[in-house]
Amino acid sequence: MKFYFESLFEKSESANYLKPNKNCNFTSWISGCEPGWACSSGQNQNVDLQNSDRILARTHNCQPCCDGFFCPHGLTCMIPCPSGSYCPLATLDKTTGVCEPYKYQLPPGKPNHTCGGANIWADVGTSSEVFCPVGSYCPTTVKKIPCSSGHYCKMGSTSEKRCFRLTSCNQSTPSQSSYVYGIMLIAALSTLLLIVYNFSYQVLTTRNRTLAKSREAAAKYARKIAMSRQRWKSATDASKNFASGLPAHLSPKFSRKKDIPGAPLHPSAFSAALFSPMPSKGKQEESSELIQRTDTEDNPESFEGFIFGPEDTIVGNVSRGKLTRTHDQIFKYAYTQLEKEKALQQDYKDLTLPGVVKMANNIQTRKRPLMEIYFKDLALTLKAQNKHILRCVTGKIKPGCITAVMGPSGAGKTTFISALAGKAIGCKVTGLILINGKNESIHSYKRILGFVPQDDIVHGNLTVEENLWFSAKCRLSADLSKADEFLVIERVIESLGLQTVRNSLVGTVEKRGISGGQRKRVNVGVEMVMEPSLLILDEPTSGLDSASSQLLLRALRWEALEGVNICMVVHQPSYALFKMFDDLVLLAKGGLTVYHGSAEKVEEYFAGLGINVPDRINPPDYFIDILEGIVTTERSSSVNYKELPIRWMLHKGYSVPPDMWHSTAGLALSSTGGNSIDETNIAAAEMEEPSFSASLWKYIKTNMELHCDSIWLNFLKSNDLSKRRTPGVLQQYRYFLCRVSKQRLREARIQAVDYLILLLAGACLGSLAKVSDLNFGALGYTYTVIAVSLLCKIAALRSFSLDRLHYWREAASGMSSLAHFLAKDTVDHFNTVIKPLVYLSMFYFFTDPRSSLADNYIVLLCLVYCVTGIAYALAIFFDQGAAQLLSVLLPVVLTLTATQPQDSEILKILANFCYPKWALEAFVIANAESYSGVWLITRCGTLLKSGYDLHDWNLCITVLIITGLVSRVIAFFCMLIFQK
């Protein structure tokens, strides 16, 4: 047998018989050497079948091969047929001269020679006649029984298999039609998904509805308390006025108490006077209730008194954090505080003396850490073009003030605030920036720094409140109570006028949501809820109408009252809006300062230069028109608009750059000479056009420097000086997980489309690529690897491609990148578990392989996990278009590389780095393990030809999992490195 099996894998000189051996060679050819015949050894020859290492002499008593054995051509040995085979004696077909069913003929010149038994056992393609045929099963190698009704028999079966219920089954077919089970599986899966999605949606809807009712009830309660307090205040004021006027109507002997002039105006005096009158007996109960309510609202420590009902008792000194743990308590606390703040705002707005005193002495207003930014000779130069975009900017922005940055297009306004926020990339920054008088990095204060970008980067599939809630949870101090967190969020919603749309989705370009102005205010609110000490805004009023702009400025003014340093870029504000600014930074083209100081004195400064604003003209518009060169000033003033930056430098006593000295020689001198020199230089520079190679090298060098600057900025480590302890990675992971889950739940239609496409792919490939016994379904599994890889990669790209801008904004604000990545990956595990079932519900039951559904599911699960990690890396490293193209090409290219004949070591090494090789090997091995008995040679030959090992199934699964893990690690580091 050893000689026979070794000969199967060696090339022999003839395909009709084995290579010459001791018994059958060119000089000795007996009857036993013919196919289907065998001989015996001599009687005196000792035979040790277990330890024999040579071919025995078998030349005696040659006879036809027995039933259940096969006798190869050229070997006088009789070998037992394996299980699953059918090896009867052959019969001669006289018309063809062939011994059926074995396809060999009788030797010529030997009339006494008859047909023997089976002559070969090899792979199914070569010796299919010895395999038990389809529609029958062979319990022994000499017995063939047709399949009974309700059963089916595959080729090489030793027993019949009962057909499942609800399946169409024919005893003459090799499999049962189990499509109905696939339909049942996908129906059950669809029902489960619908239940999960609907249940989650209903839970969220019910929770939001309940919270809305509690919030509305708390707001009504707070308004009721505020109205009662206002009525009581009005009554006490009237009583005091009556009491103060009473001595004038009474006799001096009855009026012994005299007024004390110069009484203190401290709020305690107002509180004492508030409750000094004694109410009548009939009003005593009502008055005591009002006094209790007023005391409750004026004293935050006694807040619990109106939260708990009569059945609640407070024992001992219990902290407020323990008592305000229900939503109703939190809502009542927040809305009561909001009503008090509204009253303070009204007093401040009316400029009454009590209002000013309360604003100055209000202990409930939580002051934030102050940040004063001083900058001197600040300049930014583009590294690529060596061009100044900001020059000689000196000044400071102060806490508690709103500083507006204005100027024409190209004046470097966004560059200026980007430099202050530490976000200038690809530029050389010179000059001095001091924070609170210290030369420290602005990145040390990123936890209390808010930066509002020009574009509205907010999550469109979240509601207004959810956007604000997430930002507050991740960026507010971890020591802040839930009640105070909710108060901060409610204060921002109230101040920005977003109450009516708080539960509305923000919306995207494809799906309409809230209006553009409301979206802009949400963009600002995302930074306001984290209570920054320095708030920088890039054109927050662009796209807003006058009313919305004033609403936004009033909200920012309230922030400034808490000590927030606010700096914002504004494009031509209205006059009413302009009067709300404290300071103004006016930039000219080229990034030069024209004015920096109080907004109220800007007209006075320009009037000193002979530039007066005409009547009925908005001053900001007029100044910008002058800087644009639209309005000429030579008629009313001798100052040219190009001289305004020099005028400001000389006015403030700043040093003038050497290249601008020619303008300072005499400001009355015309600037045409300087312009002619510049134009000559520009013309000379334009004549010297660089070569193509030089331009290409400059482009590559510039991009490399830009990426290096970005990487350096992302990995820049600075000491945290903000003194704010934000939630840790695990806590932020919870918040991210909640947010991503809601987003996925609202993207149920997209998920359903993905499942439908995967379902159709499984049905199409399952009907086209039937599992063949020759290669154990390798062709169908190859299609499976390509299709599943392609579809799952395309779907996984959405996890990181679509919200890249959102991540960059959140990471720059100090949120955890690890929590962001892990939350998205965790939620995507749901698809990793479900998608293999969706695909196999069609493919498995259409192809009906011999491997189990569990084995196929495990391999496909690991494959989806692997390709999802690769898709993460592609989505993060490449742009969206390039990532999609690579997601389509990679599965095809890698699968073709893995399935090519591995004739060289290089191809073998390349194939080992291709994940389709391991997935395909795992599929084939899982299917090949179900083939035994008569299939052993076919199995060994197929696996050997493909380079697979039957014992490597666990290795394949491990490699797929490791590839997925390594891809995720690479994707995470790419996400850290390539931030912008």
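Which residues in H22 meet which residues in H24?

Tutor: This is a predicted model, in which local features need pLDDT of at least 70 and side-chain atom pairs count only at pLDDT 80 or more, while totals for chains, interfaces and linings use all residues. Residues are numbered from 1 along each chain as its sequence is written, and side-chain values use heavy atoms, with hydrogens and water left out.

On the H22 side, the residues are Gly780, Tyr781, Thr784, Val788, Cys792, Ala795, Ser799 and Phe800, and they meet His820, Phe821, Lys824, Asp828, Lys835, Tyr839 and Phe843 in H24. Contact here means heavy atoms within 4.5 Å. Helices (H or I, at least four residues) and strands (E, at least two) are DSSP runs, numbered from the N terminus. By class, this contact has 8 nonpolar, 4 polar and 3 charged residues. In that division Ala, Val, Leu, Ile, Met, Phe, Trp, Tyr, Cys and Pro count as nonpolar, Asp, Glu, Lys and Arg as charged, and the others, Gly among them, as polar.

Two packed helices are described by the angle between their axes and the distance between the axes. For helix H22 (residues 778–801) and helix H24 (residues 817–847), the axes come within 11 Å and cross at roughly 150°. That angle makes H22 roughly antiparallel to H24. Axes are lines fitted to C-alpha atoms, for helices over the stretch in contact, and angles run from 0 to 180 degrees between N-to-C directions. Angles under 35 degrees count as roughly parallel, over 145 as roughly antiparallel, 65 to 115 as roughly perpendicular and the rest as oblique. The crossing of H22 past H24 is right-handed. A crossing has this hand if the near helix is turned clockwise from the far one by less than a right angle, and is left-handed if anticlockwise.

A second pair is formed by helix H9 (residues 464–475) and helix H20 (residues 729–746), whose axes come within 9 Å and cross at roughly 165°. H9 and H20 are therefore roughly antiparallel to each other, and H9 passes H20 in a left-handed crossing. From H9 the contact draws on Glu466, Trp469, Phe470, Lys473 and Cys474, and from H20 on Gln732, Tyr735, Phe736, Arg739, Lys742 and Arg746. These comprise 5 nonpolar, 1 polar and 5 charged residues.

Side chains of opposite charge can pair when their charged atoms come close. In this contact, Lys742 and Glu466 meet in a salt bridge (3.5 Å, N to O). The two lie in distant parts of the chain, Lys742 in helix H20 and Glu466 in helix H9, 276 residues apart. A salt bridge is a side-chain nitrogen of Lys or Arg within 4 Å of a carboxyl oxygen of Asp or Glu, and the whole structure holds 26 of them.

H26 passes H28 in a right-handed crossing. Here Pro891, Leu894, Thr895, Ala898 and Thr899 of H26 meet Tyr915, Pro916, Lys917 and Leu920 of H28, a set with 6 nonpolar, 2 polar and 1 charged.

Turning to the strands, two of them pair if DSSP finds at least two bridges between them. Strand S12 (residues 373–382) is joined to S13 by 7 bridges, and Thr381 has His388 in S13 as its bridge partner.

Strand S5 is joined by 3 bridges to strand S6 (residues 98–100), and Thr91 has Glu100 in S6 as its bridge partner. The peptide bond from Glu100 to Pro101 is cis, with omega near 5°. Pro101 sits in the loop between S6 and S7, and Lys103 is found in that loop too. Phi of Lys103 is near 70°, a positive value in a residue other than glycine.
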